[in-house]
Amino acid sequence: MNPNFLKILLSTIFLCYSNLSISQGAIKDSVLLDIPNIGKLGGAHMLNWALDKEENKIYLYAYSHVRGSQFISSVEEMEAAKREHDSKGFFGKMFSSMAKDNMYNDTTIPVVMEGVVSTQDLTATETKRNLFHKIEELPEGKKVFFRPKENVIDITGFETGTGLEYHYNDLNTAYKYAPQLDKELLSLTEMKFKGEGLLGLKNIKPWMISRKAFFRYVPFKGYMSETEKKDLINLKDNPELDGYEVVRDSDNAIGKNHIVWFVKEKDDSDYKMLSFNEETQETKIQSFTFDTPRKPKVTSKVVYNKNLEPTGFVTVFGYHKKGKKSETYTKTDFDMLYTDASGNIKVQTKFSHGTEKKYKRVVSPILLIDQGDNTLKIVNNHQLSLLSSTFEIFTLNKDGVLNVETSEDFFKVEGETKRNYYNYLVDFNSIDKMGEYYVIRKDNIENTTVPSSDPNSSLPQKVTNYKGYNFTLLDGTFKPIKFGALHSSFNERESFSFQDIELTNNRYVMLAERAGRYFLTTITPDEGVATISLETEYGKKSSSKLYFGSYMHDFALVNEDKKELYILHQYYTKAQTGEKILDKAAIVKVAY
């Protein structure tokens, strides 16, 4: 343990308790911690944390690296060398130093510091640091020792001759609660268009591209998150798709199963559906032709069962103006194709909806639920015009029989508040099951333009503003019954991150973070939706970025038994090189 660091921590904690301003009753405690100099620039370049198994301690891990040499020797040889060095005079030591500079190769050596904080009162109890060597095989009886590079920042405890006990692959041996090395943090596969030429605009093809992130040791940089990008398959590299083009926004996925639609060039009556399995790398192509041009109205929409487990995809074709002389279809006729996740057909049927005057956008599903026996319950946005819609719930069976259960305006009055819940449901971002209820979140996003930041350009610049988010509680029949919204103009160019804290049969708790600010939402059937800001003086002064490595899903620690969570604020300074380094962190304990 470094007693100087512990002293800094404890004195800092004492000062924080006497000066903190708490603005919300949910906040129970907080503390500010100094991150000492642990690397070549001081501070740390990354921080992550974890609760111990008993959830009595918080383990903080700070990462950096130093420049120096690693060499193989034995304890006896090191002690003998030290005695010889101490017996030399001034010029002898000088020549020995010059010789050493030529003997050892300078390299980057990772440094990790572990700090332990009690969850009971947020006091720092201990800390330890380690350098990790990169020698792959050691002779019997030998160890690795460290020699710092001259004229670098002084790191107390890592002087010449410091033994390096652990290889960099032994991080989880040295630190039990550090992130698992080489663990996959994120996996995302999606369809992207790639082209050739300088601007990538020639011979554009649809590719399935995989992106993965891992927590790793990266040479010359230390421990950090590292991403891998891989081109999996060119979807057009199949003779069956010659002369076909991708239907816009028709790609979707359930797990490792992906689906994409293609339409024949200049023939809107000829479609193909491509299914691709990411694990087996197998593709399957199925053809669907009509006797008249048809237009996709819904493409590859995910279907769920009542427990919100995905069961497949739905695609709906409707009226196309090129087929207006068809004797087979009227304007109100639709074709529905329901497949499982692998693209195998479960239901293919024809149904009618709308009127001769209102038919273009009358089937716009908000949510699709498989009720069993291949009967779908569809929560629908029945669009009457560009400015008018009806909230609709209907069932559709495998024979194409449609039964409307609910049809009403997108409005509900709560007290003196009139809610337009179109803005709460249509194109929602997430859905969770809460007992017999369902919770929907929709992000409030505004796309706009601003004058270009380039003085040489007169074209407006497209920007996205994240204005907040809306919550809706649906009953067991999927009717909306409770609403709530957060509106925040603080750093609205930054998006929100979300973490589920609790989900039971009658309570849902969610934490949101944006630009270093936190918001806690609680939803119950009786009390509805309530959101509070977890604001302290620490949050106002902290960095707008949380850097746990680029891809950490859960940014808060949660003790479910005590119904407590812990949030983190980070503070950065800049080194002389301009690199951002972490020098302080604040922990806030919150009751939920």
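These legends accompany several close-up views of a predicted model.

**View 1. Four strands side by side form an open sheet.**
Let's begin with the order of the strands, which runs β1-β37-β36-β35. Their pairing is antiparallel. Strands of a sheet are held to one another by backbone hydrogen bonds, and the pairing can be parallel or antiparallel. Which strands sit at the edges? They are β1, residues 27-34, and β35, residues 557-559, and each of these pairs on one side only. From one strand to the next, the twist averages 20 degrees.

**View 2. Strand β1 meets strand β37.**
Strand β37 covers residues 580-591, and its antiparallel pairing with β1 runs over seven bridges. To find your place, look for D29, which stands opposite K589 in β37.

**View 3. Q570 belongs to strand β36.**
Strand β36 spans residues 564-574, and Q570 is found within this stretch. Is Q570 buried or exposed? Residues with a relative accessible area under 20% count as buried. Q570 has a value of 1%, so this residue is buried. Its side chain also has a partner: a polar contact of 2.7 Å joins Q570 to the side chain of Y572.

**View 4. Strand β33 pairs with β32 and with β34.**
Take β33 as your guide through this view. The strand covers residues 517-524 and is mostly covered, with six of its eight residues buried. Strand β32, residues 508-514, pairs with β33 in the antiparallel sense over seven bridges. Within this pair, M510 has T521 of β33 as its bridge partner. The hairpin of β32 and β33 has two residues between the strands, and A515 takes a positive phi near 55 degrees there. Now turn to strand β34, residues 528-533, whose antiparallel pairing with β33 runs over six bridges.

**View 5. The largest pocket holds about 1,500 Å³ of space.**
Empty space like this shows up when a probe the size of a water molecule is rolled over the atoms. The lining of the largest pocket is made of 43 residues, and those closest to its centre are D249, K297, V298, T299 and K301. Several strands each supply at least two lining residues, among them β14 (257-264), β15 (267-277) and β22 (376-383). Which strand gives the largest share? That is β17, with nine residues; this strand runs over residues 295-304. By residue type, the lining of the largest pocket divides into 18 nonpolar, nine polar and 16 charged residues.

**View 6. The second largest cavity holds about 50 Å³ of space.**
The model has three cavities of 30 Å³ or more. The second largest cavity is lined by F288, F290, F317, D335, M336, L337 and Q348. Strand β19, residues 333-339, contributes three residues, the largest share of this lining. What kinds of residue make up the lining of the second largest cavity? Five are nonpolar, one is polar and one is charged.

Conventions
Residues numbered from 1 in each chain as written. Predicted model: local features only at pLDDT ≥ 70, side-chain atom pairs only at ≥ 80, totals over all residues. Heavy atoms only, no water. Pairing = 2+ DSSP bridges. Axes fitted to C-alpha atoms, helices over the stretch in contact; angles between N-to-C directions. 1 Å grid on protein atoms, 1.4 Å probe; cavity = no way out; pocket = protein on both sides within 12 Å on 5 of 7 lines; lining within 4 Å. Points joined across faces, edges and corners; volume = space filled by probe spheres on them. Nonpolar A, V, L, I, M, F, W, Y, C, P; charged D, E, K, R; others polar. Buried < 20%, exposed > 50% of the residue type's maximum accessible area, 1.4 Å probe, protein only. Polar contact = N/O pair within 3.5 Å; in protein donor to acceptor, adjacent residues only side chain to side chain.
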